[in-house]
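Here's a quick briefing to read alongside the structure. Have a look at the chains first, then work through the points below.

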Amino acid sequence: MGWEATVDYLIEYQDVDDSELESRLASLELDLERFAPLQRWWLLHMIYTKRPLQEKMVLFWHGLLTSSFKKGGKGPHMCNQNELFWEHALGRYDTLLKAVSRDPAMLMWLDSKSNKKDAPNENFARELMELFTMGIGNYTERDVRESARAFTGYTLIKKEFVFNRNQHDFGAKHFLGRTGNFDGDDIVDIIFEEPVAAEFISRKLFEFFAYDDPEPDIVLSLANTFRSNNQSIKAVVREILTSLAFYSPKAYRAKIKSPAELVASTVRILGIETDGGVLRKLPDDMGQSLFNPPDVSGWAGGPAWINSSNLLQRLNFANLVATARRNIFNFDPYELVTQKNITSAEGIVDYFISVLLDGNMPPQEREILVEYVRGLDTQPSGTGKTTEDEKLRSLVYLVLASPDYQLA
Amino acid sequence: MLITRRQLLQSSTALVPAFVFLPTVIRRAVVNSVPESGIGVSENNRTLIIVQMAGGNDGLNTVIPYTDSRYYDYRPEVTIPQEQVIPLNDEVGFHPSLTEFKSLWDEGVLAIVEGMGYPEPSYSHFQSMDIWRTADLEGKLKNGWLGRYLETLNRDEWSTFRGMAVGRALPQELSSPKVSIPIVKNVVTYRLKGDPSYPTATQARTEGLLELYAAAPPEKPYATLLDNTMGVAYQSVQALQQADQAYKSAIVYPDTPLGKGLKLIAEAITGNLGITVGHITIGGFDTHADQRAKHSQLLKILAEGIHAFYQDLKAHDRDRDVVVMTWSEFGRRVKSNASNGTDHGSAGPLFFIGTKVVGGFHGQRPDLGNLDKDNLRFTTDFRTVYTTVLEKWLGASAEVVLGDNRFGELPIFSQE
């Protein structure tokens with residue numbers, strides 16, 4: 001497939017049959033109202049989906065329009081929110097936000113569930129502008145208070161969304177320089193009349209896919225595409241994935257893999273069969289507890305993924321995969337290299353660099369690996385003779401634990 | 001070159017004492033950038049432990065003006081009934097969950113600094129946290145005030161554990177591109193696993209990994225971060241495991257994340273790992289709805305955890321070397337909302353706990369009769385407290401760290 005066809009395949013995911021994944025998940029009979037099975041369910045989605053872009057977008061939305069199982073509690077709400085993101089993954093951003101403003105998990109997360117006209121709760125209104133659409137400095141405290149009034153009456157009864165007319169403030173609101181009897185949907189529409197909103201989401205998307213602090217021209221072009229395509233996320237993502245910047249050296253290994261992506265992509269690349277049981281908690285240990293973000297801004301990401309604690313857990317994940325000898329979680333590098341009939345130290349090093357690092361590791365690092373493998377051949381490290389199993393597994397560990405593998 | 005590196009690594013492993021220094025090969029970037037001669041270093045073995053109350057603690061329901069009728073008028077849904085307040089004097093008292101704080105208060109080792117804040121307060125969690133963490137109201141500085149303090153320490157006296165944070169994330173207070181510190185959630189999982197089938201091969205494999213990190217081209221994105229972090233992780237694992245094994249205590253910590261985290265910090269302090277600044281966060285203070293039960297629970301966790309920590313330090317005869325300081329990004333709105341909670345506000349109190357702390361009230365109580373759009377007006381700039389901590393506790397220059405020395409000091413620390 002050429003790259004344009006690949007981009008089409010990724011973006012037009014509605015044409016891709018993913019029923020195999022659905023039957024795989026159905027057979028596990030996971031209770032999606034509980035935290036741990038829900039985390040497993042999503043991780044398995046990431047590993048085995050044939051629609052990787054859709055799943056990546058769900059992760060993007062979960063990080064941006066985040067909510068937490070810890071606040072909503074046991075129930076279908078976080079799963080439903082995930083499916084909402086799945087459904088709107090590349091849809092219109094304004095439509096998604098209007099849906100999110102009615103989403104039970106979000107209403108619980110940002111305390112809108114008892115949002116009344118006499119004393120509006122500002123939490124959702126504030127984060128809508130600060131975290132979801134504009135960023136601080138583009139609105140006033142008065143805009144926060146006024147838009148909170150527009151969302152009054154958006155509430156939950158038995159954890160289902162209801163618009164309670166008796167608690168809605170039908171008075172005039174003054175918001176971002178406009179005056180009117182606005183409701184929540186009007187607030188979202190007004191926000192997207194501000195140029196900064198298109199730039200905000202365009203920058204977030206570019207940074208998610210390519211690299212941080214994009215050039216202003218790139219952001220302006222994406223924002224223009226966003227506006228001229230009715231707030232279409234798909235149009236922006238298509239432009240990113242077909243842009244020169246996306247294929248430039250600057251975008252190569254410019255991002256730290258998020259823990260969920262690290263775990264899912266490794267298992268995916270190596271074709272390991274798993275029911276997700278051994279994997280479920282690993283992203284948590286590396287600092288990304290799915291469905292349980294640290295706060296309303298989601299995960300800071302970038303350099304924040306790397307600290308001594310998280311790095312140790314990344315290395316221990318490399319160890320788990322490299323030493324997977326159990327029936328429920330098995331990976332056999334010996335089988336792979338025998339199939340390929342590779343025997344030399346250089347040969348096996350290059351083979352795993354090609355599988356795991358698309359053939360690209362700085363030569364001085366590659367040389368260390370080659371020396372390491374040769375050293376085990378001639379001078380066993382442990383007691384007795386080094387086995388092929390030990391040699392290959394420690395090599396795979398070193399590649400998975402290498403600095404290069406932490407980057408995407 | 002390869003052999004030299006391996007020898008260096010091995011010799012450094014053999015040398016790991018309680019006081020941990022990193023071998024130059026893995027610390028090249030850090031070492032290169034820490035100033036040749038430290039500024040304002042005072043080798044006083046003093047330790048500052050930050051307990052961050054994230055989310056915006058409701059100060060008015062923590063140190064409660066229980067005889068002021070305006071307190072009861074403004075926020076009927078969330079007030080603490082007068083008879084439940086633990087009186088400190090005729091005007092204010094503690095929330096009933098703070099019984100352990102009351103006993104520290106009675107011992108004279110707990111200070112309350114009232115009315116903390118800064119001009120033109122931000123009501124955004126993130127902006128206000130950034131302001132507190134960087135001590136920069138303009139939002140220009142990215143590094144934390146304590147990260148900048150750590151940069152000033154003499155490199156000859158540098159140890160991996162100068163700073164330490166409990167959790168899974170680096171708190172921005174301690175962030176600095178020049179200083180990498182250990183972040184530890186749990187001492188049991190804070191280790192490097194090996195291949196269970198070939199346990200004796202783990203050391204050689206780990207050395208290979210350290211070589212890989214040291215060999216990565218430094219100009220690549222995140223190369224320095226990865227290399228430094230790898231070095232810190234490797235060294236701190238061994239030191240912390242040693243400290244953990246050596247640690248003994250008769251004190252029972254509460255079974256909460258804060259309690260466990262403070263115990264971990266106590267292990268590192270009593271194990272002489274050289275901690276100057278430690279950090280732990282207790283979250284959940286963003287009580288927009290159904291505040292009473294949540295806030296009560298959080299304050300109980302806070303007071304019980306810090307009380308146990310203080311008792312533990314006392315039992316180890318380290319209580320004179322350590323102070324705890326709490327902070328929160330803002331207080332909450334004086335008026336309650338319709339969800340039986342409170343929205344983001346401004347000024348609030350913070351606490352210092354320690355034997356060298358001058359117990360009692362500091363700062364000035366905000367005036368409930370002089371609100372700014374339903375919010376308290378701050379009376380004490382948080383940078384005054386930072387100046388006090390830097391100058392009077394850590395023996396550092398506030399001018400160097402904060403870039404400003406006009407905030408003055410408060411008599412929070414005993415000069416004996």
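Of the 416 residues in chain B, 55% are buried. Keep in mind as you read that this is a predicted model. The predictor gives the complex an ipTM of 0.93, along with a pTM of 0.86.

**Chain B overall**
- Chain B is built with 12 helices and 12 strands.
- On confidence, chain B has an average pLDDT of 88, and 89% of its residues score at least 70.
- Residues 1-43 of chain B are the stretch to treat with care: pLDDT stays under 50 there. Even so, the model has 71 contacts beyond four places in sequence for that stretch.

- Three strands of chain B make an open sheet in the order β2-β4-β3, and the pairing is antiparallel.
- β2 (63-64) and β3 (86-87) of chain B are at the edges with a single partner strand each, so one side of each has no neighbour in the sheet.
- β2(B) and β4 (residues 93-94) of chain B run antiparallel and are joined by two bridges.
- Which residue of β4(B) is the bridge partner of B:Val63? That's B:Phe94.
- As background, strands in a sheet pair through backbone hydrogen bonds, in either a parallel or an antiparallel way.

**Where the two chains meet**
- Chain A puts 50 residues into the contact, and chain B puts in 51 residues.
- On the chain A side, α9 (123-133), α17 (308-322), α20 (363-378) and α21 (388-401) each supply at least two residues.
- The one that gives the most to this side is α17(A), with eight residues.
- Sorted by class, the side of chain A that touches chain B has 19 nonpolar, 19 polar and 12 charged residues.

**A helix to look at in chain A**
- Helix α12 of chain A covers residues 195-209, which is 15 residues.
- From first C-alpha to last, α12 of chain A reaches 22 Å, close to the 21 Å expected at 1.5 Å a residue.

Note on methods: Residues are numbered from 1 along each chain as its sequence is written. Chains are lettered from A and ligands numbered from 1 in the order in which they are written. This is a predicted model: local features need pLDDT of at least 70, side-chain atom pairs count only at pLDDT 80 or more; totals for chains, interfaces and linings use all residues. Two residues are in contact if their C-beta atoms, placed from the backbone, lie within 7 Å. Helices (H or I, at least four residues) and strands (E, at least two) are DSSP runs, numbered from the N terminus. Ala, Val, Leu, Ile, Met, Phe, Trp, Tyr, Cys and Pro count as nonpolar, Asp, Glu, Lys and Arg as charged, and the others, Gly among them, as polar. pLDDT is the predictor's confidence in each residue, from 0 to 100. The expected span of a helix is 1.5 Å times one less than its number of residues. Two strands pair if DSSP finds at least two bridges between them. A residue is buried if 20 or more other C-beta atoms lie within 10 Å of its own, exposed if 12 or fewer, and partly exposed in between; C-beta atoms are placed from the backbone.
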